[in-house]
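Subject: Structure handover

Hi there,

Here is the structure I promised to pass on to you. Please open it alongside this message and have a look before reading on.

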Amino acid sequence: MAAVNGVDGATAKTLKMENTEKRDTLIEIEKRYQKKWREGKVFDSNAPSISEVPTGAMPPAELREKHPKYFCIFAYPYMNGTLHVGHSFTVSKVEFTAGFARMEGKRVLLPLGFHCTGMPIKACADKLTEDVRKFGQNFERYDESLGGTDQPVTAPAPTQAETKEDITKFTSKKGKAAAKSVKMKYQFQIMLALGIPKGEIHKFADANYWLQYFPPLAKKDLNNFGARIDWRRSVVTTDANPYYDAFVRWQMNRLYELQKIQYGIRYTIYSPKDGQPCMDHDRAEGEGVAPQDYTALKLKVKEWAPKAAEKVRGNLPDGANVYFVPATLRPETMYGQTCCFVGPKITYGVFKASDNEYYVVTKRAAWNMAFQGTFFKSDNFARDASELLPVLELTGTEVVGTLVDAPLSIHKQGVRILPMESVLPSKGTGVVTSVPSDSPDDYATVIDLAKKAEYYGIEKEWAQLEVSPIIQTPSYGNITAKFLVEKMKINSPKDAKQLAEAKDLAYKEGYYKGTMLIGDFKGESVESAKPKVKAALIKNGQAFEYAEPNGHVVSRSGDECVTAYLGQWFLNYGENDPEWRDTVLNHVKNDMETYSSETQNGFEKNLEWLNRWACARTYGLGSRLPWDPKFLVESLSDSTIYMAYYTIAHLLHGDIFGKTPGELDIQPRQMIDEVWDYIFCRRELSEELLKDCGIKKADLETMRREFEYWYPLDLSSSGKDLIPNHLTFFLYIHIALFPREFWPRSVRANGHLLLNGEKMSKSTGNFMTLNDAVEKYGADACRIGLADAGDGVEDANFEEAVANQIILRMYTLKEWCEEIINDKSLRTGEADELWDQLFDNEMNTLVHEARQHYEATDYKIALKSSLYDFTSARDFYREATAAASIPMHSSLIHKYITLQALLITPIAPHWADYIWTEVLQNTTPSTIQNALWPDVPTPNPSLTATREYVRATSSAITSAEAAQQKRKEKGKTISFDPKLPKKLTIFYAARFPAWQDAYLDIVRESFDGMSFDEKSLNTKVQAKGKAEMKRAMPFVQHLKKRLVGGESREVVFDRKLAFDEGEVLRKMVRGLRRTTGCKVIEVVKVEGDEGDKIGVVMVGEGEGGKRAELPSVAGQASPGSPNFHFENVEG
């Protein structure tokens, strides 16, 4: 049987490699150095021991200052598959940071565990059990002709009938789980797509086999990637590791004691099939979806429509109370009900709610209600929809015209059920009450119904009940809907876009600025009245609470989820513990680095919105809740402070399962809660504790030393989709359990990774695992490609073409370094040529620039400075010296190779270590992984300005020559023929034009030594008149550039260049002769004032002589901005 969408199909659209000799050479080097690092335990990092610094010798903060450290992590991956390049993108951010921190002389810790808690693995294992039962151990009974995949379901476009989510609540965007597009019908097909051999797949029916299979693959892939990970500290979560299990139980016990975990009845997303809450990481679809609260109104039937009456007769008891049940977000507007809408094509059920009460809703809504105490008790929830059947079914068309009593409505005689084509069965109850005074949708619909009553099969007057003012608003008056519909020229219920906008405006205006005009709460603000109206309706038996997911949610077991109202253990996040929430919020705002405003805002919004979170469930893998062991700790609740566990993991166990003891030979049973308290600085040591746990005092002190040295966490790197859950929980729990000095210092969130400009998807063939990428391009090319992909929270792009080009670049650079280091033709002695000085200075500049970018974690720009610009600097030097017919200088070439290796070390360590060790023959340190960032002199602004001048002048001259050649090819008039013998005359000015003096004063007045008063500067320049602007603005910008570039105020404002322009041009002549092919080159200094200029020949025939007649271009030269003139001469 062929694999459905197997590995080959998943990568069908990716780049195909052909000639791989250069790549293979680089990969061979990478493997060699990975082995060297592994054998040398280069990335194993420890805190200063208690023998080096005895316990109590100094406070932890002083210890960290004396022995600088950097502790960083990325969110541990879930072990239900292999890592893909999207994982490596997040890994790369923290990995580059770790590499740079090592070069700053810090002890660096980058550990990694493997997350296995929760439903995904267990659900997949159970599916495989069923697949094996159905198709055989090797799926030999599977028939492909029956169909291999489920087609993705496309949600309908929003319409005006959709009930908008509550505007008062923050809603997170869909995360990466929701973005996955590939769907396969059977679990074994997914395993085949992961590259699992068919003969091994049946083993995964045992959930524990996943824990044994995937972690070693992740470790291998990351080692091949060159990750600087301390693998001694690895662990698998769940009770598969008894040490980690003890750690989680301690965490939950302490949170329970602090009343951060409580028990209560609340709404939660729930899987009927699984019989438990379904939280974010338990979902195949719908990450970020939360319960949406409604008020379910009871509109009692007073008189059935004829067709409905016939069907009801004999199926319901005489005198039964039947209610249409619309769900509303705006109970305060119910005074204005004039009718109630149903979808004419929707089939409704009549469901028995009690002995004499029946509800008319969609089957979907009834199924939600079934888990909220309406049809079943919480201790007897249904598992299958077949357990909830309607007494009878009615179509929307059949009930149109039914008269119902609408609670609170001013129309006491009742209102009619009317048709609305756009009512959706997938939102709310499928019954929509109409308030045309405040709902633009409803207003537009009742107007349309009244106009086309005959077409819709209704009585016109049913749609023409009085629309009475309910709410007064400052912007739209007291009939908001009518005002907006007329203002926005909405002509039909089909004007969906305008109606959606109007609805949003009406809702916000009414809620935040509206005042009640009717009812018991007349005169109160809507914001204040809304909960009171809802409470009164419920108290009077006219409504009840109702909730449903605010989006489509499917559990890992394939079950469509509902919202349940049930008793559960929850973490008391949010408004119910305002002190806790506000402490977290203040930490985010004032103390924690987030690297981007988007991440900062994401945390702040989420903290305002996030509420209680169910932290326990009954199905899946994990640790038991200590005080209620029938529950397991939920996967997002046992993964909040695992980074604290990393600090001591190697001391506790020698393998990820905790089967072999660690360095201290401690048993799991000894890790009682009080021991964790001591390790994490929550209590001090006592004789009683030593007796209770049986652990040696020195061993306890060693564990505490590891924690208090490595903590606080310096950086957590994660995808932005984890801000709404994991990352926010991570902050909450750290702040609840640890002293302030150990609270997290920074969080860096990145966007998702596109592959070749498109979303990664196995179904489209645009997919690549980390192993695929490293095998295809090598580790360093992948790492450079990931650095080049981008750094912000926007989605980044890994271009295979870039990775492929990098192979050639790095191979060629390696070859050049190997050859040039032994080149005996290089100059020795003093490196005093202009080109030597410029090259040396630019290298120093780029070293400082690269450091700034690495410190800011801007790796794309750091890569530019440390590789692309650095090699460009070498190229410029090589070309300039060749043009000047002088060899490059040996010491500068050695410096270049050394710096090139050091600067690229954080991003491409294999290549760098090869150059450091085998090309440069360095032995101290023995690996570049232990080398420090280079200490070079501060760049010389004068030399920087000289180099910019040389580049700009050379570029202008060669561009002008190329432009003439293009004109010639197009048959246009040319001033000289580039192909014939030619002469180049360069004119430079001895002094600045007098007109510039005024602008010099303006720039001086606007510059405070650090920055410019742009508003003042622009105003004063513009005041000189438009005629001057054309020449003035370039001059002003040039001055600004020089000042910002670091030149001193004295040099700039005293009308001095930072270099001798004539001398620089003299040294450029030989190179220009080579690049332009000119037979003659002259350099002429222009002296005198406007209208009376003369030239002095500085280079060329008649050197020192004067010229009275100059071409017009000569007068346009100014100091630092030369001009030039080409002309043909005799051969």
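Below is what turned up, grouped by topic.

One thing to keep in mind from the start: this is a predicted model.

**The sheet**

Let me begin with an open sheet of nine strands, whose pairing is mixed. Going across, the order is S13-S11-S12-S8-S7-S14-S15-S10-S16. Strand S13 (392–395) and strand S16 (431–434) are the edges, and each of them pairs on one side only. On average, neighbouring strands here are turned by 40 degrees against each other, with direction ignored.

With strand S8 (residues 321–324), S7 pairs in the antiparallel sense over two bridges, and Lys-300 is found opposite Tyr-323 in S8. With strand S14 (residues 403–405), S7 is again antiparallel, over three bridges. In that pairing Val-301 faces Val-404 in S14. As background, side chains in a regular strand alternate between the two faces of the sheet.

Which helix packs on this sheet? That is helix H14 (residues 440–451), which touches strand S10 (339–342), strand S15 (415–419) and S16. The direction of H14 makes about 90 degrees with that of S10.

**Two helix pairs**

Helix H19 (residues 578–590) packs against helix H26 (residues 723–737), with the axes 10 Å apart and an angle of about 110 degrees. Angles of 65 to 115 degrees count as roughly perpendicular, so H19 and H26 fall into that class. From H19, the residues in the contact are Trp-580, Arg-581, Thr-583, Val-584, His-587 and Val-588. They meet Leu-731, Tyr-732, Ile-733, Ile-735 and Ala-736 in H26. By class, this contact has eight nonpolar residues, two polar ones and one charged.

The other pair is helix H31 (residues 859–883) with helix H34 (residues 941–969). Their axes come within 13 Å and cross at roughly 70 degrees, and H31 and H34 are therefore roughly perpendicular as well. Here Ser-872, Ala-873 and Phe-876 in H31 meet Arg-947, Val-950 and Arg-951 in H34. The residues of this contact divide into three nonpolar, one polar and two charged.

**Salt bridges**

How many salt bridges does the structure hold? The count is 66. In general, side chains of opposite charge can pair when their charged atoms come close. One of the salt bridges joins Lys-69 and Asp-714, with 2.7 Å between the closest N and O atoms. This pair links distant parts of the chain, the two residues being 645 residues apart. Lys-69 belongs to strand S1 (residues 69–74), while Asp-714 lies in the loop between helix H25 (697–710) and strand S25 (715–719).

**Annotated spans**

UniProt, in an unreviewed entry, lists residues 63–128 as "domain: Aminoacyl-tRNA synthetase class Ia". That span is 50% helix and 14% strand, and its end C-alpha atoms lie 52 Å apart. For residues 718–803, the unreviewed UniProt entry gives "domain: Methionyl/Leucyl tRNA synthetase". Over residues 718–803 the chain is 44% helix and 14% strand, with the end C-alpha atoms 23 Å apart.

Best wishes

Conventions:
Residues are numbered from 1 along each chain as its sequence is written. This is a predicted model: local features need pLDDT of at least 70, side-chain atom pairs count only at pLDDT 80 or more; totals for chains, interfaces and linings use all residues. Side-chain values use heavy atoms; hydrogens and water are left out. Two strands pair if DSSP finds at least two bridges between them. Helices (H or I, at least four residues) and strands (E, at least two) are DSSP runs, numbered from the N terminus. Axes are lines fitted to C-alpha atoms, for helices over the stretch in contact, and angles run from 0 to 180 degrees between N-to-C directions. Contact means heavy atoms within 4.5 Å. UniProt positions are given in the numbering used here, feature names are shortened, and annotations may be inferred rather than shown by experiment. Angles under 35 degrees count as roughly parallel, over 145 as roughly antiparallel, 65 to 115 as roughly perpendicular and the rest as oblique. Ala, Val, Leu, Ile, Met, Phe, Trp, Tyr, Cys and Pro count as nonpolar, Asp, Glu, Lys and Arg as charged, and the others, Gly among them, as polar. A salt bridge is a side-chain nitrogen of Lys or Arg within 4 Å of a carboxyl oxygen of Asp or Glu.
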